[in-house]
Amino acid sequence: MFQLNKTIISEEILEKEFVCNLSACKGACCVDGDAGAPLTQEETQILVDIYPKVKPFLRQEGIQAIEEQGAFVIGTDGEYETTLIEGKDCAYVIFDGQTALCGIEQAYNEGIVDWKKPVSCHLYPIRVKEYSDFAAVNYHKWHICSDACALGKELQVPVYKFVKEALIRKFGEQWYQELEKVAEEMKK
């Protein structure tokens, strides 16, 4: 672990390698697990605001779940998260054949909304836990991502480089540049 400004960072994000391999995992992170994607309080309002624009991209099951439960829910841990369909798929998931994709991201890609997706999804496999004085930035290992770990190793892409855009979105360009300096120092 090391500190960078108001973040405590696991060295694993510099050491582990990762590149999503959708052709292998079929977007399992959007349909597996027992909770929705973590959300910030600010993101809950964004989901409410963009829902009418995103709705045409969603599956009927997702629309029904959102209209019954809301654009987001409070999970068993008391934190905000995306709504699930019958406790399984994310309500915002869509499919391209057998591959799970994000309906919000699809609307973003088509210029309908200007918000890509929840930052927790964008950051994955990094998970950020906010505390009163700092944020913990950790690598999250999930068995469904073994193909992503293998591809990352093959391509030699460390986690922090794979999620560069998301880290800049979350912490800013300067923070990321400082992270890169730490990574270079650790290589020596």
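Hi everyone, let's start with Arg 59: setting aside neighbours within four places in sequence, this residue is in contact with Ile 85, Asp 89, Cys 90, Val 93, Ile 94 and Phe 95, where contact means heavy atoms within 4.5 Å. Before I go on, please keep in mind that this is a predicted model, in which local features need pLDDT of at least 70 and side-chain atom pairs count only at pLDDT 80 or more, while totals for chains, interfaces and linings use all residues. Residues are numbered from 1 along each chain as its sequence is written, and side-chain values use heavy atoms, with hydrogens and water left out.

Back to Arg 59. You will find Arg 59 in the loop between α3 and α4 (60-69); helices (H or I, at least four residues) and strands (E, at least two) are DSSP runs, numbered from the N terminus. Is Arg 59 buried or exposed? Arg 59 counts as buried because its relative accessible area is 18%, and the cut-offs are under 20% for buried, over 50% for exposed and partly exposed in between, with a 1.4 Å probe and protein chains only. The side chain of Arg 59 also makes a polar contact with the side chain of Asp 89, at 3.2 Å. A polar contact here is a pair of N or O atoms within 3.5 Å; within protein, one must be able to donate a hydrogen and the other to accept it, and residues adjacent in sequence count only if both atoms are side-chain atoms.

Arg 59 has a salt-bridge partner too, namely Glu 61, with the closest N and O atoms 3.5 Å apart. By salt bridge I mean a side-chain nitrogen of Lys or Arg within 4 Å of a carboxyl oxygen of Asp or Glu. Glu 61 is partly exposed, at 41% relative accessibility.

Side chains of opposite charge can pair when their charged atoms come close.

One of them joins Glu 43 and Arg 169, whose closest N and O atoms are 3.9 Å apart. Glu 43 sits in helix α3 (residues 41-54) and Arg 169 in helix α9 (residues 164-171), so this pair ties together parts that are 126 residues apart in sequence. Glu 43 is buried, with 4% relative accessibility, whereas Arg 169 is partly exposed, with 32%.

Another salt bridge pairs Lys 117 with Glu 105, and there the closest N and O atoms are 3.0 Å apart. Lys 117 is in the loop between α5 (103-109) and α6 (119-123), and Glu 105 is in helix α5, so the parts tied together are 12 residues apart in sequence. Both Lys 117 and Glu 105 are buried. Through shared partners, salt bridges join Glu 105, Lys 116, Lys 117 and Glu 165 into one network.

Now to the nonpolar side. In soluble globular proteins, nonpolar side chains tend to be buried together. I call a nonpolar core a set of buried Ala, Val, Leu, Ile, Met, Phe, Trp, Tyr and Cys residues joined through side-chain atoms within 4.5 Å. Which members of the largest nonpolar core touch the most other members? Out of its 26 residues, they are Ile 9, Ile 13, Ile 126, Tyr 160, Leu 167 and Leu 179. At least two residues of this core come from each of β1 (2-4), α1 (12-15), α6, β8 (135-139), α8, α9 and α10 (173-187), and α10 gives the largest share, 4 residues. Apart from neighbours within four places in sequence, Ile 9 is in contact with Met 1, Phe 2, Leu 4, Val 137, Trp 175 and Leu 179. There is also a second, separate core of 24 residues, and its members include Ile 50, Ile 66, Ala 71 and Val 113.

A few backbone details to finish. Tyr 124 and Pro 125 are joined by a cis peptide bond, with omega about 25°, and Pro 125 is in the loop between α6 and β7 (126-130). Glu 86, which is not a glycine, has a positive phi near 50°. Glu 86 is in the loop between β4 (80-82) and β5 (93-96), and is exposed at 74% relative accessibility. Gln 156 likewise has a positive phi, about 55°, without being a glycine. Gln 156 belongs to the loop between α7 (146-155) and α8 (159-162), and is exposed with a relative accessible area of 62%.
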